[in-house]
Amino acid sequence: MAVTETDWAAVAASPTSDGELDRRRVVLARIAVIGAILGVWQLVVTVGLVDAFWISTPSLIVQELWQLVASGNLVGDVAITIYEALIAFVVSSALGIICGLLLARSPFWDEVLAPLVLALNSLPRVALAPLIILWFGIGVLAKVVTAFTLVFFILLVNTLGGAKNVDNDILTIARLMGASERDILWKVTFPSALPWIFTGLNLGLTYSLLGVIVAEILASNHGLGYLIAASAASFNTAGVFAGLITLAVVAWLFSLVMRKVEARLLRWKPSLTSA
């Protein structure tokens, strides 16, 4: 059967084609914006409006990145920072989710501990980093503990909020069907709280990286934070920007992976399946 011009028009106007076209436009627009920023940045320094000592230039940053990659220092620092951030993220997320679910099951202890959780969550935990380093030294443990103080409460509060917002009708039906409290926890409360939990996980992964970087900047002899601090101490502006760009790429990759995991586990959500 021959394909008519009308059929081709219908295919071209299909949602899939429109979606692909929109994505291409978004990508091209992003490239154009980034290219414009880099071009203006390079031009401002080249014509002498700003000295390269203060803001460096894209070309100098690329040279610095190449030297760091060629020497192997950048790869080692990135690996160490990712290792520390992932340990802190996994431990603090697991404990935060478990504690949030347990508090949701016990309104009494939730009421008792609510002021304490609120007070601790309100503290600027990054300011505790010097004290944590004093207690635990400059090794991996200090970085993990610093990040833990940031991520744990994010997951605790999000999990508790999601568990408290379970539809009462679903809980009533589950109990009428003979579900035990354990069944309700793992088959009703936990799945219902998953969107809240993943919101906390997305935020927690970024804050885990932030906590590690702060601790590395304050006291460390390895990692991206150390690279940034050492470059700043030697007035190497290109090195500072190289570290920051690498950090931004790592944070973006973390976010991308988490979104993929969320989309796979929560594919029943219309907003995720249509994205």
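Helices α10 (181-218) and α11 (224-233) meet in a right-handed crossing. A crossing is called right-handed if the near helix is turned clockwise from the far one by less than a right angle, and left-handed if anticlockwise. The contact is made by Ile213, Glu216 and Ile217 of α10 together with Leu224, Gly225, Tyr226 and Ala229 of α11. By class, this contact has 5 nonpolar, 1 polar and 1 charged residues. Nonpolar covers Ala, Val, Leu, Ile, Met, Phe, Trp, Tyr, Cys and Pro, charged covers Asp, Glu, Lys and Arg, and the others, Gly among them, count as polar. The axes of α10 and α11 come within 7 Å and cross at roughly 45 degrees, and the two helices are therefore oblique to each other.

This is a predicted model, in which local features need pLDDT of at least 70 and side-chain atom pairs count only at pLDDT 80 or more, while totals for chains, interfaces and linings use all residues. Residues are numbered from 1 along each chain as its sequence is written, and side-chain values use heavy atoms, with hydrogens and water left out.

Helices are DSSP runs of H or I with at least four residues, strands are runs of E with at least two, and both are numbered from the N terminus. Axes are lines fitted to C-alpha atoms, for helices over the stretch in contact, and angles run from 0 to 180 degrees between N-to-C directions. Angles under 35 degrees count as roughly parallel, over 145 as roughly antiparallel, 65 to 115 as roughly perpendicular and the rest as oblique. Contact means heavy atoms within 4.5 Å.

**Other helix pairs**

Helix α5 (residues 73-105) packs against helix α12 (residues 237-265) at an angle of about 40 degrees, with the axes 11 Å apart. That makes α5 oblique to α12. Here too the crossing of α5 past α12 is right-handed. From α5, Leu74, Val78, Ile82, Ala85, Leu86 and Phe89 meet Thr246, Val250, Phe254 and Met258 of α12. This contact of α5 with α12 has 9 nonpolar, 1 polar and no charged residues.

For α8 and α10, the axes come within 7 Å and cross at roughly 160 degrees, which makes α8 roughly antiparallel to α10. The crossing of α8 past α10 is right-handed. Their contact has 14 nonpolar, 11 polar and 2 charged residues.

**Nonpolar cores**

A nonpolar core is a set of buried Ala, Val, Leu, Ile, Met, Phe, Trp, Tyr and Cys residues joined through side-chain atoms within 4.5 Å. In soluble globular proteins, nonpolar side chains tend to be buried together. The largest core here holds 35 residues, of which Leu155, Ile197, Leu201 and Leu224 touch the most other members. Helices α2 (15-46), α4 (58-71), α5, α8 (140-164), α10, α11 and α12 each supply at least two residues of this core. Its largest share, 10 residues, comes from α10. Apart from this core lies another, of 6 residues, among them Leu103, Phe152, Leu156 and Leu160.

Leu224 has contacts with several parts of the chain. Setting aside residues up to four places away in sequence, Leu224 touches residues including Leu74, Val78, Ile213, Glu216, Thr246 and Val250.

**Single residues**

| Residue | Relative accessibility | Class |
|---|---|---|
| Ser56 | 1% | buried |
| Leu68 | 9% | buried |
| Thr237 | 15% | buried |
| Ile170 | 39% | partly exposed |
| Phe235 | 62% | exposed |

Ser56 lies in the loop between α3 (52-55) and α4. Although not a glycine, Ser56 has a positive phi of about 55 degrees. Phe235, in the loop between α11 and α12, also has a positive phi, near 60 degrees, in a residue other than glycine.

Thr237 belongs to helix α12. Beyond residues up to four places away in sequence, Thr237 touches Ala52, Phe53, Trp54, Ile55 and Ser56.

Leu68 is in helix α4. Leaving aside neighbours within four places in sequence, Leu68 is in contact with Asn73, Leu74, Leu227 and Ala242.

Ile170 lies in helix α9 (residues 168-176). Ile170 and Thr206 are 36 residues apart in sequence and 33 Å apart in space, C-alpha to C-alpha.

Technical notes:
Buried < 20%, exposed > 50% of the residue type's maximum accessible area, 1.4 Å probe, protein only.
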